[in-house]
Amino acid sequence: MLRFILTRVSLIIPTFIGITLLTFFLIRLVPGDPIETMAGERGIDPARHELLRKEYGFDRPILVQYGIYIARVLQGDLSKSVITQAPVLDEFLALFPATIELAVCAILFALVIGLPAGILAAVRRNSIFDHGVMGISLAGYSMPIFWWGLILILLFSVQFDLTPVSGRIDVLYYIEPVTGFLLIDSLFFSEDEGAFRSALAHLILPTIVLGTVPLAVIARMTRSAMLEVLGEDYIRTAKAKGLSRFRIIALHALRNALIPVVTVIGLQVGVLFTGAILTETIFSWPGVGKWLIEAIFRRDYPVLQGGVLLLGIVVMTVNLLVDLAYGLINPRIRHTR
Amino acid sequence: MALVEIENLSVEFPTQGGIMRAVDGVSLRLEEGEVLGVVGESGSGKSVTMLALMGLIPFPGRVRADKLSFNGRDLLTISDKDRRKLTGKDVAMIFQEPTTSLNPSFTVGFQLTETLRLHEGMDRKAAERRAVELLGQVGIPSPESRLSAYPHQLSGGMNQRVMIAMAIACNPKLLIADEPTTALDVTIQAQILDLLMTLQKERRMGLVMITHNMGVVADTAKRVMVMYAGQIMEERSADDLFASPQHPYTAALLAALPERSEGGRLATIPGVVPGLYDRPKGCLFSPRCAYATEHSRHVRPDLRPWAGGHIRCHYPLGDPNRNAEIQHDHPVGTEAAS
């Protein structure tokens with residue numbers, strides 16, 4: 001077990017180097033620099049531009065810049081945003097709860113609907129329900145997130161006026177961040193009754209938009225894993241024992257079908273953060289995704305480099321945890337060293 | 001009253017190429033405490049017959065019979081709920097691949113106590129005590145510590161013992177063993193057969209031994225049913241069948257036994273069991289039969305009483321007139337023509 005964890009952790013190092021290389025060089029390939037973007041359309045006097053470039057160190061050879069950046073990162077310093085002058089880590093920590101809140105709701109939404117749908121589709125294979133679930137999930141999987149988000153806004157917010165269009169909570173409420181998770185803060189630490197409802201209402205559409213792709217993947221994966229398991233010899237044994245159909249499906253089959261599904265859920269965490277960047281932009285959700293997009297537009301090199309690196313670490317950690325959980329549900333892995 | 005009565009059972013599976021008849025007009029009776037051997041090649045319908053008795057024919061298979069009863073209960077009209085009370089309790093089954101027949105995600109103890117808690121209404125403690133007893137009875141060393149083992153931690157032989165313990169947990173009146181030793185080492189095969197026979201005698205339970213191994217039948221069964229392409233070809237007492245087989249197919253199966261080989265090459269039966277598309281019009285065995293005639297290729301023989309048992313053949317080997325009859329019917333088989 002310890003060896004397994006150490007092997008996995010040692011794999012983080014090359015991934016880590018890869019992320020720094022990619023973010024560092026890719027953003028510098030984009031024309032323009034932070035100073036030009038700050039100056040905006042008025043332009044900037046070339047002499048002053050040169051002076052500022054020197055001040056920020058952008059005039060040095062690119063490899064030297066990379067070396068300095070890596071040296072700082074290794075000391076735990078992700079440096080400051082060129083635009084706001086606030087430390088990147090502080091900004092990330094302030095915004096990350098909003099992203100987690102959205103991501104957790106999205107994955108829960110995907111699980112609560114995707115798992116039962118996949119199971120039922122497998123049990124009633126080739127039925128109308130099965131074809132329906134598979135068709136809808138294929139459509140959901142293929143749907144561009146930004147388009148799906150706009151359609152939902154047009155339908156539920158604009159046409160029926162059921163849900164708010166953007167943001168995390170109504171402007172009427174101000175919630176002092178305690179945990180940073182608005183649902184929790186508004187429910188337990190706010191006097192305002194309506195605050196929680198408002199926070200919840202703001203979550204609905206982003207959750208659906210961000211959860212659609214994972215939902216489709218989970219439903220399809222659950223179905224195919226279930227179908228495979230239902231054909232196994234031990235399911236015949238369970239039937240031969242006289243167990244009820246429900247017990248066979250919900251216990252004997254599902255326990256085994258969950259093994260590949262859990263892996264897929266782990267992989268979806270990465271997809272979720274990618275999706276969060278789009279979803280947060282559509283719904284003006286003040287999270288890490290929107291922050292990164294703005295960093296790209298402003299050529300805010302430190303924010304982009306630091307933010308992507310931190311997200312990368314989160315994704316790797318979650319995947320490690322998922323792999324550990326994998327051992328919990330799969331005894332064949334638990335006992336092999 | 002017989003323990004099992006099956007009359008004219010047929011099991012069909014619709015496939016894209018048409019209807020596949022896996023079991024075709026099988027009838028059998030089994031008395032309490034009787035040991036029946038069911039023999040046949042792969043695809044002869046022997047397992048499917050027993051799965052039909054257990055109610056385990058997978059969708060979209062169709063089961064039809066004039067009579068299908070167990071211990072006086074009509075299995076054709078029984079509700080699913082009542083049927084589940086029988087399966088696993090009064091009728092139990094063990095399978096060919098012990099390792100894949102046990103659920104890899106649950107401990108041996110869980111899988112064993114599950115049956116006891118369901119059918120006998122035992123609480124966890126009592127079921128565990130009984131499970132330890134059962135594991136001891138099937139010859140598993142240090143049974144207490146095995147309760148928490150997973151199937152992948154045990155050998156194939158041990159897993160088959162666990163399967164047997166699970167099957168006999170509720171003292172079934174009938175145990176169906178579907179090729180219980182095929183996947184095991186030869187040394188372990190004998191142990192498992194011994195165990196099954198000991199348990200059968202102790203508990204006086206009916207035992208159906210499905211196998212393609214004539215040797216296993218010789219060691220265990222009192223009565224033998226030989227199946228081919230979903231039909232019963234011959235059925236009689238084991239002693240008679242081994243001494244003087246009446247059906248050419250039985251004779252060919254026996255001749256293929258290494259023990260019976262008279263030096264030289266081992267005898268084989270040329271050809272394969274007919275499938276969905278090449279099912280013969282006449283006797284199902286006629287394409288491979290050494291004594292086939294024009295008559296047997298066009299007219300399917302009925303199962304008829306013969307020499308203390310039953311046979312489905314126009315020309316039983318023990319029939320004194322058979323040579324004359326074969327000659328009269330235009331022989332086409334290799335033996336008969338010569």
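This is a predicted model: local features need pLDDT of at least 70, side-chain atom pairs count only at pLDDT 80 or more; totals for chains, interfaces and linings use all residues.
**Entry 1: chain A overall**

I started with the secondary structure of chain A and counted 14 helices and zero strands. Reading from the N terminus, I get α-α-α-α-α-α-α-α-α-α-α-α-α-α. Then I checked the extent of the C-alpha trace, and along its principal axes chain A spans about 85 × 55 × 40 Å.

**Entry 2: domains of chain A**

I looked up the domain assignment next. For chain A, domain 1 covers 16-74 and domain 2 covers 88-334. How far apart do the C-alpha centres of these two domains of chain A lie? I find 35 Å between them. The two domains do touch: I have 16 residues of domain 1 of chain A in contact with twelve residues of domain 2 of chain A.

**Entry 3: H5 against H13 in chain A**

On to helix packing. I picked H5(A), residues 88-123, and H13(A), residues 301-329. Their axes are 10 Å apart, and the packing angle is about 55°. I therefore log H5(A) as oblique to H13(A). I also noted the hand of the crossing, which is right-handed for H5(A) and H13(A).

I listed who makes the contact. From H5(A) come Val88(A), Leu89(A), Glu91(A), Phe92(A) and Phe96(A). H13(A) brings Pro302(A), Val303(A), Gly306(A), Gly307(A), Leu310(A), Leu311(A) and Val314(A). Sorted by class, this contact of H5(A) with H13(A) holds nine nonpolar, two polar and one charged residues.

**Entry 4: H7 against H11 in chain A**

The crossing of H7(A) and H11(A) is right-handed.

On the H7(A) side I wrote down Ile145(A), Phe146(A), Gly149(A), Leu150(A) and Ile153(A). They meet Gly275(A), Leu278(A), Thr279(A) and Ile282(A) of H11(A). My class tally for the contact of H7(A) with H11(A) is six nonpolar, three polar and no charged residues.

**Entry 5: chain B overall**

I moved to chain B and counted its secondary structure, which comes to 14 helices and 13 strands. The box filled by the C-alpha atoms of chain B is roughly 70 × 50 × 40 Å along the principal axes.

**Entry 6: domains of chain B**

Which stretches does the domain assignment of chain B give? I have domain 1 at 102-169 and domain 2 at 250-337. The C-alpha centres of domain 1 and domain 2 of chain B are 45 Å apart.

**Entry 7: H4 against H7 in chain B**

Last, I checked one helix pair in chain B: H4(B), residues 108-120, with H7(B), residues 156-168. I find an angle of about 20° and axes 8 Å apart. With an angle under 35 degrees counting as roughly parallel, I therefore put H4(B) and H7(B) down as roughly parallel to each other. Their crossing is right-handed.

For the contact, I jotted down Val108(B), Gln111(B), Leu112(B) and Thr115(B) from H4(B). Facing them in H7(B) are Val162(B), Ala165(B) and Met166(B). The contact of H4(B) with H7(B) splits into five nonpolar, two polar and no charged residues.

Terms used: Residues are numbered from 1 along each chain as its sequence is written. Chains are lettered from A and ligands numbered from 1 in the order in which they are written. Side-chain values use heavy atoms; hydrogens and water are left out. Axes are lines fitted to C-alpha atoms, for helices over the stretch in contact, and angles run from 0 to 180 degrees between N-to-C directions. Helices (H or I, at least four residues) and strands (E, at least two) are DSSP runs, numbered from the N terminus. Angles under 35 degrees count as roughly parallel, over 145 as roughly antiparallel, 65 to 115 as roughly perpendicular and the rest as oblique. A crossing is left-handed if the near helix is turned anticlockwise from the far one by less than a right angle, and right-handed if clockwise. Contact means heavy atoms within 4.5 Å. Ala, Val, Leu, Ile, Met, Phe, Trp, Tyr, Cys and Pro count as nonpolar, Asp, Glu, Lys and Arg as charged, and the others, Gly among them, as polar. Domain bounds come from an automatic or database domain assignment.
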